[in-house]
Amino acid sequence: MYIRIQELLSKYRQSTRLVRHTFRIYSRFTMASSSMEVDTVLSEPKALPPKPQFEPLKPHEMSSGQVQFRKVSVPPHRYTPLKKIWMEIYTPVYEQMKIDIRMNLKARKVELKTRRDTPDISNLQKCADFVHAFMLGFDVIDAIAILRLDELYVESFEIKDVKTLRGDHLSRAIGRLSGKGGKTKFAIENASKTRIVIADTKIHILGSFANIKIARDSLCYLIMGSPAAKVYSKLRAVTSRMAERF
């Protein structure tokens, strides 16, 4: 009985050795095959589809093919000057900015609209601002800078927004703003690099944001009653500071 058990044990050990040996061979084979698969996958990358190329939208395509309109009202006192220099306004708007422009005589309005060959949709608003600046009283030579530069604005305010004045006090304030022969107004324009229109109690300033602030502060000092000499000294200090900054 003991000898029989010994024989069974020896056979069991032989069979386990055989199983271990076959398992080692199988594991080596599977590892080799998996490494070959990884190598083949890494060596053959998938080709990505080409990047799509989209052409920029044209202005008439941005609004689903609809034409964009702007209308600028013409005040009664600017109707005659508009007729005299109409071609100076029409030429840069139509030929350079590619915007259609016409004068509606019944409605007394200047109408603007985009075309199919308009290069930029923002040209329509620039042209509307240009025409509006002329209606406020600016010269065409000054207002046309709105078409050339991006950071030009028109700011308007009234004397009563700064200080409530009536009668002779209001007249004297307007006189202080202009100066003798427009000397004060021209000095502020040259120092702040802006253009100023004084139309009765309304004041319009054309320029960049920072320059408009300088001119507006100087005009407010004059409205409040400061003498012109004091405003000139403040302007010199501000302009020298601006020159050092840039």
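A residue is taken here as partly exposed when its relative accessible area falls between the limit for buried, under 20%, and the limit for exposed, over 50%. In this predicted model, Lys98, with a relative accessibility of 30%, therefore counts as partly exposed. Lys98 is placed in the loop that runs between helix 4 (86-96) and strand 2, and its phi is positive, at about 60 degrees, although Lys98 is not a glycine. A positive phi, near 55 degrees, is also found at Lys193, likewise a residue other than glycine. Lys193 belongs to the loop between helix 10 (183-192) and strand 5 (195-199), and because its relative accessibility is 68%, Lys193 counts as exposed.

Strand 3 (residues 109-114) pairs with strand 1 (residues 69-73) in the antiparallel sense, over 5 bridges, and strand 3 is also joined to strand 2 (residues 99-104), again antiparallel, by 6 bridges. Glu111 of strand 3 takes part in both pairings, as the bridge partner of Lys71 and as the residue that stands opposite Arg102. Strand 2 and strand 3 form a hairpin with 4 residues between them, and in the turn Arg108 has a positive phi of about 55 degrees.

The largest nonpolar core comprises 29 residues, of which Leu82, Ile89, Val110, Leu112, Phe130, Val131 and Met135 touch the most other members. Two or more residues of this core come from each of helix 3 (79-84), helix 4, strand 2, strand 3, helix 5 (122-136), helix 6 (140-143) and helix 7 (145-148). Among these elements, helix 5 makes the greatest contribution to the core, with 9 residues. The surroundings of Val110 can be described in detail: leaving aside residues up to four places away in sequence, Val110 touches Arg70, Lys71, Val72, Val74, Leu82, Trp86, Ile101, Arg102, Met103, Val131 and Met135.

Phe157 is part of strand 4 (residues 153-158). With a relative accessibility of 11%, which is under the 20% limit, Phe157 counts as buried. When residues up to four places away in sequence are not counted, the contacts of Phe157 are Val162, Thr201, Lys202, Ile203, Ile205, Arg216, Leu219 and Ile223. One of these contacts, Ile205, is 48 residues from Phe157 in sequence, while the C-alpha atoms of Phe157 and Ile205 are 8.9 Å apart in space.

The largest pocket has a volume of about 230 Å³. Its lining is made up of 13 residues, and those that lie nearest the centre of the pocket are Lys213, Ile214, Asp217, Val238 and Arg241. Helix 11 (209-224) and helix 12 (228-245) each provide at least two residues of this lining, with the largest share, 7 residues, coming from helix 12. Sorted by class, the residues that line the largest pocket are 7 nonpolar, 1 polar and 5 charged.

Methods:
Residues numbered from 1 in each chain as written. Predicted model: local features only at pLDDT ≥ 70, side-chain atom pairs only at ≥ 80, totals over all residues. Heavy atoms only, no water. Pairing = 2+ DSSP bridges. Buried < 20%, exposed > 50% of the residue type's maximum accessible area, 1.4 Å probe, protein only. Contact = heavy atoms within 4.5 Å. Core = buried A, V, L, I, M, F, W, Y, C linked by side-chain atoms within 4.5 Å. 1 Å grid on protein atoms, 1.4 Å probe; cavity = no way out; pocket = protein on both sides within 12 Å on 5 of 7 lines; lining within 4 Å. Points joined across faces, edges and corners; volume = space filled by probe spheres on them. Nonpolar A, V, L, I, M, F, W, Y, C, P; charged D, E, K, R; others polar.
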